[in-house]
Number of protein chains: 2
Amino acid sequence: MGWRGSVAEQPPRMRWWGWGDPTHPPGLPTHALSFLAKTVDVGQRPRPPVALSRVQVEASTLGEGKLDALRAIVGTELVRADHDERVFHAAGKGYPDLVRLRAGEPLGTPDAVVLPGSAEQLSAVIELCARSSLAVVPFGGGTSVVGGVEPLRGAHAGVIALDTSRMAELLALDEQSRTVTVGAGMRAPALEALLAKRGLTLGHYPQSYEYVSLGGCAATRSAGQASTGYGRFETMIAGLRMATPSGEIVLPAQPASAAGPSLRGLAIGSEGTLGVISELSLRVRAAPREQLYEGVFFESFDTGAQALRALAQQRAAPDVARLSDEAETRMSLALADSGGAKGRLGRLYLRARGYAEGCLAIFGWEGEQDQASARRQRSLQIVREHRGLTVGSSPGEAWRHGRFAAPYLRDELLTLGVMVETLETATQWSNLPRLYRAVADAIERSLREGGTPGLVMCHISHLYETGASLYFTFIAKQREGSEIEQWRAAKEAASEAIVTHDGTITHHHAVGRDHAPWMSAEVGDTGLRALRALKAELDPVGIMNPGKLVG
Amino acid sequence: MGWRGSVAEQPPRMRWWGWGDPTHPPGLPTHALSFLAKTVDVGQRPRPPVALSRVQVEASTLGEGKLDALRAIVGTELVRADHDERVFHAAGKGYPDLVRLRAGEPLGTPDAVVLPGSAEQLSAVIELCARSSLAVVPFGGGTSVVGGVEPLRGAHAGVIALDTSRMAELLALDEQSRTVTVGAGMRAPALEALLAKRGLTLGHYPQSYEYVSLGGCAATRSAGQASTGYGRFETMIAGLRMATPSGEIVLPAQPASAAGPSLRGLAIGSEGTLGVISELSLRVRAAPREQLYEGVFFESFDTGAQALRALAQQRAAPDVARLSDEAETRMSLALADSGGAKGRLGRLYLRARGYAEGCLAIFGWEGEQDQASARRQRSLQIVREHRGLTVGSSPGEAWRHGRFAAPYLRDELLTLGVMVETLETATQWSNLPRLYRAVADAIERSLREGGTPGLVMCHISHLYETGASLYFTFIAKQREGSEIEQWRAAKEAASEAIVTHDGTITHHHAVGRDHAPWMSAEVGDTGLRALRALKAELDPVGIMNPGKLVG
């Protein structure tokens, strides 16, 4: 394998105060602004982030002795304790993270950032930290939206951010078995670029795709936009290697096993609280030659949901399938609409057909040419049985084009004084309407009672035979001076509604700090004790990502 | 749901000394006997099992006080300590189990058999046992072939078999979500019978199908003959409830979640060492209207394996796919052949086409009529690209007809003084030929060196995109007086070959007692410590199925 050891280029460093590529053009188009003005108040004056140099950073608690010990393991240049580097690793990309960062007031910063270059260095760093009472916060792409990378130190003397970005090597490609082994710090696009050269793909596209690390996807039990077709990330993991304070867990690539409880299933989703995943063996597939994306209108969210259920249960689901509710559909149309004649005509047409208050779905089929087409035909037959109206490839292509853009949009809204947050859950098909209503109502009520009535939108995605996920987006005018309280009230209301209406507290964002209070509702007290016992064994001094997942 | 609470009839009790329905006709057909005589020596005289009354059973260590306490929970008639009942629960159905039982010398029997009727009674029994230092061996269908239900007591005062057969209720059917909730003691055929009335199926067909309990399938991470299409049993489990000495773990039905490490994945495969699964919520599917089974010849095991790999990786695999190696093919043909003209002509035909030393595969497609057909066409196109020769539906139908018959055949061979054992593993496609050769060689060598050269056969089944399982069957003349040593030598040789050649120690038979020595090779020392920590938390006094899985 000539390209063993290939390391793809890392993407440009993310904006420290927000999402993505620093060269991304700012600003919102006029029609988006006008939609916003009609929907929620926008703030009176723009609220840009403070200058980087003005972000508050406390003095590092790490003395030269500890820094030197860390340097001795990874190299002098790869232990960083300067202001900027500590700010870059101060938080993930959740709404409260961004509110705090933009104000220059993160909840804390790591005392140092350490960048091991191999699984061996990683183990040595963890060992040193366990001996020195240093908390370790694994930091991959830094894209957590649930407080998963907050630099909490618990009762420890200090906290380091363990940045995995140098562990980004391609270690092995087994083309016969269709598995690839990579360093856990490799970013998803870097792997796709390497695989593309061999006509292969992983097919994992979370919204954070452009920056997410593969180790982070494993540690957070990620699902991607195409996971209806390509499977959740956990289904792609054939093997892994995880460094814990009590030693390494090495689980080589295997198609399946009946040898006891799943240790893979324990490492996956452990969110850095048991150890740090250093390597992954992942299932890959032939890269699709055809990608067919299109829009379909349904008369209502309910009839659309029934169509999705039929697709999943007849095993005829597209690889990407998402159905917006009425509110999200209206917003999508407003944002897509340039105000031109074509948009107006399109709306007239839909009204004439009785779909004016309908719901837009995006479907995508990928694969060999004939296969993608045949599967599309079969899906659309079921869609038509549920009075779905195909509206061509433009909405599909528009969605593909903008599929990773929402976090950029969020930054613009924050500058305009608008809160925007997303949260998600999953449940059985029979419970979906009840859960949808309960969560949407809880968020709406919270916003209204807080004096900032907002817009709550939702889509169904990630189809399973037994159920699906619900993904909520809500926007409201920021309550200046109490942005975090405003957010927390809505988040808590939604979370309570989720667990009391039989949803999972998270379908793909993970637990982190934000969902930890609901883990007991999720797995029960005995379940929680089992998880804590596991942690006590693998991380006896409790240095691994304190305050996350199990509290 | 009018049929909530339905309890299907239990199958007739199994032969205590062997497999299955006591009314099953004994004896082997002449051509099978003649194949056997040509292949391995058969014993000089038949070796039937001893009479049930002659089976050795030691005095129960349970005094009336403990028996009364158990009776107070489940009812007087449902605590049984008579000779026969204790023998019925003395062992599973592995080869050494049967050798010992037929000789009237089990390795021990439970001191009592307890039959709780609900999850609440189950919890109360476990609590009582924890207080009373009584080991608990969960006993579902009693079909373990790896010593999973051996009545080991560890350091405890006594041991009970906890028979789940009364917990066999249908608790809920959610037709919208396509999930069914059942008591874990329900047998697989009973559930299929209930589901069939609603046009549904579970689709789980291990070879032990006729007797296996669903709880047992979960606890052992079972896979079935059709799991290439319907999925391994673990993929069918949407939710479960497990009673442990430290309390209940209740995980309701959910399509997917990102909330931490998988507790479902911990309970699944725990083999009764953490607790007893009391209820399961299972994904079901529409019952297939069409079932197309047929035989295909490949020129060699290797080209056949390449075809299977292509089928899996192009996601065109049949629901059932199994490819016999040359030795297993020869035996299948010999056993199927009545010696008539048709069989001879068939062989001539294959020889003429160059497949005389070839390998037989059985493929099966199930589903809606048009779908099963379309999928078959697609599979066969790939088969032809690998020079597979379709030989019609007779071999497919013959396989379907006899798919659960092998354990009956084993009983006949034991009576003839012939050892027959099966074992299995799984690995990546790229490693399959190497692992196949290593394991087959290890078994052959062990039998030869023990003075009883035998026949070693294998098939590939359970296709995954990244690999497949290898299922070995071997027969040899029994070494009278040292049957267990003969078996152990072959089993150890095979297990060592498996773990040193990167196979999993078990793909679907589970660990039990027989594979426990290889768990450290499977998951490593840190992994094993994690599993033991989990056990220490959920089963602090160590009453749950001692001596299995982790020690």
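Biologist: Which domains does the domain assignment give for chain A?

Modeller: Domain bounds come from an automatic or database domain assignment. For chain A these are domain 1 (50-163), domain 2 (170-286) and domain 3 (290-401). The model is predicted: local features need pLDDT of at least 70, side-chain atom pairs count only at pLDDT 80 or more, and totals for chains, interfaces and linings use all residues. Residues are numbered from 1 along each chain as its sequence is written, while chains are lettered from A and ligands numbered from 1 in the order in which they are written.

Biologist: What is the order of the strands in the open sheet of chain A?

Modeller: Strands of a sheet pair through backbone hydrogen bonds, either parallel or antiparallel. Strands are DSSP runs (E, at least two residues), as helices are (H or I, at least four), numbered from the N terminus; two strands pair if DSSP finds at least two bridges between them. Here the four strands follow the order β1-β2-β4-β3 (chain A), with mixed pairing. At the edges are β1 (79-80) and β3 (134-139) of chain A, each pairing on one side only. Six bridges join β3(A) to β4 (residues 158-163) of chain A in the parallel sense.

Biologist: At what angle do helix α1 and helix α12 of chain A pack?

Modeller: Two packed helices are described by the angle between their axes and the distance between the axes. Axes are lines fitted to C-alpha atoms, for helices over the stretch in contact, and angles run from 0 to 180 degrees between N-to-C directions. Helix α1 (residues 30-39) and helix α12 (residues 326-336) of chain A pack at about 145°, their axes 8 Å apart.
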